Amino acid sequence: MVRLSICACLLLLTGEVLALGSAATNAREALAEGEDQTAFETYLGLAQTGDPIAQNNVGVLYLRGRGTIQDYGQARYWFERAAEDGLPGAMHNLGVVYLR
């Protein structure tokens, strides 16, 4: 019985990871097609679940004002969250924000 429960949990986690990957792919495609607001909304949803790459991407979109208003404070907030998870790109981007 315990083994079945563990397997069920692993399947749920695997499905969640695949769904996150699919959403990230959709966001990348939307950005490439110039659908900035769709990309922003998709990345924001992922960022709010704790995805550090999505958090960094939301920061970049705020920094550049793509899909949302330009907001250095929000960019810094999302870069900080991603940097706390150890994402090197977010650490770099956080430094860029501090230089502005």
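User: In which helix does Ala39 lie?

Analyst: Ala39 lies in helix H2, where helices (H or I, at least four residues) and strands (E, at least two) are DSSP runs, numbered from the N terminus. The model is a predicted one, in which local features need pLDDT of at least 70 and side-chain atom pairs count only at pLDDT 80 or more, while totals for chains, interfaces and linings use all residues. Residues are numbered from 1 along each chain as its sequence is written, and side-chain values use heavy atoms, with hydrogens and water left out.

User: What makes Ala39 count as buried?

Analyst: A residue is called buried under 20% relative accessible area, exposed over 50%, and partly exposed in between (1.4 Å probe, protein chains only). Ala39 has a relative accessibility of 0%, so it counts as buried. In the protein as a whole, 30% of the 100 residues count as buried.

User: With which residues is Ala39 in contact, leaving aside its neighbours within four places in sequence?

Analyst: With those neighbours set aside, Ala39 is in contact (heavy atoms within 4.5 Å) with Ala27, Ala30, Leu31 and Leu61. Leu61 is 22 residues away from Ala39 along the chain, and the C-alpha atoms of the two are separated by 9.1 Å.

User: How many helices and strands are there in the protein?

Analyst: The protein has 5 helices and 0 strands, and its pattern, read along the sequence, is α-α-α-α-α.

User: Why are H2 and H3 called oblique to each other?

Analyst: The two helices pack with their axes 8 Å apart and at an angle of about 140°; such axes are lines fitted to C-alpha atoms, for helices over the stretch in contact, and the angles run from 0 to 180 degrees between N-to-C directions. Angles under 35 degrees count as roughly parallel, over 145 as roughly antiparallel, 65 to 115 as roughly perpendicular, and the rest as oblique. The angle of about 140° falls into the remaining class, and H2 and H3 are therefore oblique to each other.

User: Which residues of H2 and H3 make the contact?

Analyst: On H2 they are Ala39, Phe40, Tyr43, Leu44, Leu46 and Ala47, and on H3 they are Ala54, Gln55, Asn57, Val58, Leu61 and Tyr62. By class, the contact of H2 with H3 divides into 10 nonpolar, 2 polar and no charged residues, where Ala, Val, Leu, Ile, Met, Phe, Trp, Tyr, Cys and Pro count as nonpolar, Asp, Glu, Lys and Arg as charged, and the others, Gly among them, as polar.

User: What makes H4 roughly antiparallel to H5?

Analyst: The axes of helix H4 (residues 72-84) and helix H5 (residues 88-99) come within 8 Å and cross at roughly 150°. That angle belongs to the antiparallel class, so H4 is roughly antiparallel to H5. The contact of H4 with H5 has 10 nonpolar, 1 polar and 2 charged residues.

User: What makes H3 roughly parallel to H5?

Analyst: H3 and H5 pack at about 25°, with their axes 10 Å apart. An angle of this value belongs to the parallel class, so H3 is roughly parallel to H5. The contact is made by Asn56, Val60 and Leu63 of H3 together with Gly89, Ala90, Asn93 and Val97 of H5, and these residues divide into 4 nonpolar, 3 polar and no charged.

User: How many aromatic pairs does a search of the whole structure find?

Analyst: The search finds 2 aromatic pairs. In one of them, Phe40 and Tyr62 lie 5.2 Å apart, centre to centre, with 85° between the planes. Phe40 belongs to helix H2 (residues 36-48) and Tyr62 to helix H3 (residues 52-64), so this pair ties together parts that are 22 residues apart in sequence. Both Phe40 and Tyr62 are buried.

User: Why is the pair of Tyr77 and Trp78 called edge-to-face?

Analyst: Rings of Phe, Tyr and Trp (its six-membered ring) pair if their centres lie within 6.5 Å, and planes under 30 degrees apart count as stacked, over 60 as edge-to-face and the rest as tilted. Tyr77 and Trp78 have 5.0 Å centre to centre and 80° between the planes, and the pair is edge-to-face. Tyr77 is partly exposed, with a relative accessible area of 38%, whereas Trp78, at 5%, is buried.

User: Why does Gly86 count as partly exposed?

Analyst: Gly86, in the loop between H4 and H5, has a relative accessibility of 40%, so it counts as partly exposed. Its C-alpha atom is separated by 8.4 Å from that of Pro52, 34 residues apart along the chain.
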